[in-house]
Amino acid sequence: MDRRLDLQYKAAMQKGLQTDILPKKPLPFEPAPTFLGLVEEELSKNTLSIVDLVNALLVQAHGLRASDIHIDPTDRGVKVRLRIDGVMHEKFLFPNTIHPEVISRIKVLSWLRTDEHQAAQDGRFRVMLPQGQPVDVRVSITPTYFGENAVLRLLADKEGDFSLDALGFSPEDQEKIVKAIKRPHGMILATGPTGSGKTTTLYTLIKMLNTKDVSIVTIEDPIEYAVSDITQIQINPRTGLTFAQGLRSILRQDPNIIMVGEIRDPETASIAVNTALTGHLLLSTLHTSDAATTLPRLLDMGIDPYLVASTAELAIGQRLVRRICKACITEVQNDKGEIEYQGSGCAVCDGSGYYGRIGLNEVLVVDQQIREAILEKESADVIRKIAIQNGMTTMYEDGLAKARRGETTITELLRAINE
């Protein structure tokens, strides 16, 4: 292991500098089989550098558009899987002999304890890729039966690339969202399971709202994208800085717009609702199955129906589905004789037939009828029916429209709706 490089990295971090941790001659970015062959060749010669191996994994994963790298020890070797477009792919299998060194290298980069092997540890570091692009890497290490595993989430600093159109919102839904964020106060909530794009949607709204005449403060866990000209706060439970405590502190910062990464508990929900009631625009996320379930969920957290009805303005339900690869999209005829689209698989999409992801969305506007339903403590089913009658397009309907246009497949739609 290149100890000199580690010391250089730590020295730069202590000075508060962003640093390039890649060595001058890292293993080249190659297709997976070639890359694995290079590693095996270096292992056979007993000349493999663990520093170069970890760096090459980062470059390889980023080149394949992976959001996560899973390094899992097993009885047959170290299994390396990449999550690409939301789907896990097993890419490499390394011998168990190099597993301790790989984990130690990741710990050194993340400022974690290298002598601790029986407790979970979390950290992060920043890497400059050969193309000059900075990527933040969030690290989670957990002891398992066969040894410590590591999950590395790659957080490219790309918030500026997103727009409501790029996220898959229809023109009608975009109009509803723009109208809601122009209001000076109230709550806008994004909902869906983990990995459904909720945080990306909130960052997109923050970017749209980020002008010189407003003060925007966020409290997040973690801060996924750095946004210029706004105040971003990372929660730290060890010091007592929770979402609830941070939200109380934010109110003393004289903000116009507040983003709370997630409403997790009744205390945070209560403070969030009262914040929206006192003249602030508040954006946050909840874990519910769809937009209509968001409002009863707040009631389940003990929030008074009057407060929910008075503050909620918009609920956005969403899922992510894989896009059909434009380089190999083809028309096929299904069993009913209807034309559908699918990707045949090519070098661009690594044979998967998909490239990138797009959102399935539904936007529920809290109008007078829905406010009355909230006051009556009606169920999510009743609220959903009212919203559909008043013009809401459901995620399923949005997905069917995207499949007809050749943006995704029916298979992807069904997978996302049923997960």
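At what angle do helix α3 and helix α4 pack, and how far apart are their axes?

Modeller: The model is a predicted one, and what follows is computed from its atoms.

Helix α3 spans residues 50-63 and helix α4 spans residues 99-110. They pack at an angle of about 75°, and their axes are 10 Å apart. An angle from 65 to 115 degrees counts as roughly perpendicular, and α3 and α4 are therefore roughly perpendicular to each other. On the α3 side, the contact is made by Ile50, Val51, Leu53, Val54 and Asn55. On the α4 side, Glu101, Val102, Arg105, Ile106 and Leu109 take part. By type, the residues of this contact divide into 7 nonpolar, 1 polar and 2 charged.

Arg65 is found between α3 and β1, the latter covering 66-74. Its phi is near 65°, a positive value in a residue other than glycine. Most residues other than glycine have a negative phi. Arg65 counts as partly exposed because its relative accessibility is 25%.

Another residue with this backbone feature is Asp85, which has a positive phi of about 55° although it is not a glycine. Asp85 lies in the loop between β2 (77-84) and β3 (87-94). With a relative accessible area of 10%, Asp85 is buried, since the cut-off for buried is under 20%.

Arg65 and Asp85 are both touched by Gly356. Gly356 has its place in strand β15, residues 354-365, and is buried at a relative accessible area of 16%. Beyond four places away in sequence, Gly356 touches Arg65, Asp85, Val321, Arg322 and Arg323.

Arg322, one of the residues touched by Gly356, is in strand β12, residues 312-324. Arg322 is buried, its relative accessible area being 13%. If residues up to four places away in sequence are not counted, Arg322 touches Asp85, Val87, Tyr354, Gly356, Arg357, Glu407, Thr408, Glu412 and Arg415.

In soluble globular proteins, nonpolar side chains tend to be buried together. The largest nonpolar core here has 39 residues, of which Leu295, Leu364, Ile370, Ile374 and Ile383 touch the most other members. Helix α8 (residues 266-277) contributes the largest share of this core, 5 residues. A second, separate core holds 34 residues, including Leu48, Phe94, Ile103 and Val135.

Leaving out residues up to four places away in sequence, Leu295 touches Val308, Ala312, Leu364, Val366, Ile370, Ile374 and Ile383. Leu295 is one of the buried residues of helix α9 (residues 291-300), the others being Ala291, Ala292, Thr294, Pro296 and Leu298. The N-terminal end of α9 is capped by Asp290, with a side-chain oxygen 3.4 Å from the backbone nitrogen of Ala292. After α9 comes Gly302, whose phi is positive, near 90°.

Gln368 lies in helix α11, residues 368-375. Gln368 is exposed because its relative accessible area is 52%, and the cut-off for exposed is over 50%. The C-alpha atoms of Gln368 and Ala309 are separated by 8.9 Å, and the two residues are 59 apart along the chain. Asp165 is found in the loop between β6 (147-156) and α5 (171-181), and counts as exposed at 56% relative accessibility. Asp165 and Ile358 are 193 residues apart along the chain, while their C-alpha atoms are separated by 10.0 Å.

For the protein as a whole, there are 14 helices and 15 strands. Buried residues make up 48% of the 419 residues. Among contacts between residues at least 6 apart in sequence, 62% join residues at least 24 apart.

Terms used:
Residues numbered from 1 in each chain as written. Predicted model: local features only at pLDDT ≥ 70, side-chain atom pairs only at ≥ 80, totals over all residues. Heavy atoms only, no water. Axes fitted to C-alpha atoms, helices over the stretch in contact; angles between N-to-C directions. Helix = DSSP H or I, 4+ residues; strand = E, 2+ residues; numbered from the N terminus. Parallel < 35°, antiparallel > 145°, perpendicular 65-115°, else oblique. Contact = heavy atoms within 4.5 Å. Nonpolar A, V, L, I, M, F, W, Y, C, P; charged D, E, K, R; others polar. Core = buried A, V, L, I, M, F, W, Y, C linked by side-chain atoms within 4.5 Å. Buried < 20%, exposed > 50% of the residue type's maximum accessible area, 1.4 Å probe, protein only. Polar contact = N/O pair within 3.5 Å; in protein donor to acceptor, adjacent residues only side chain to side chain.
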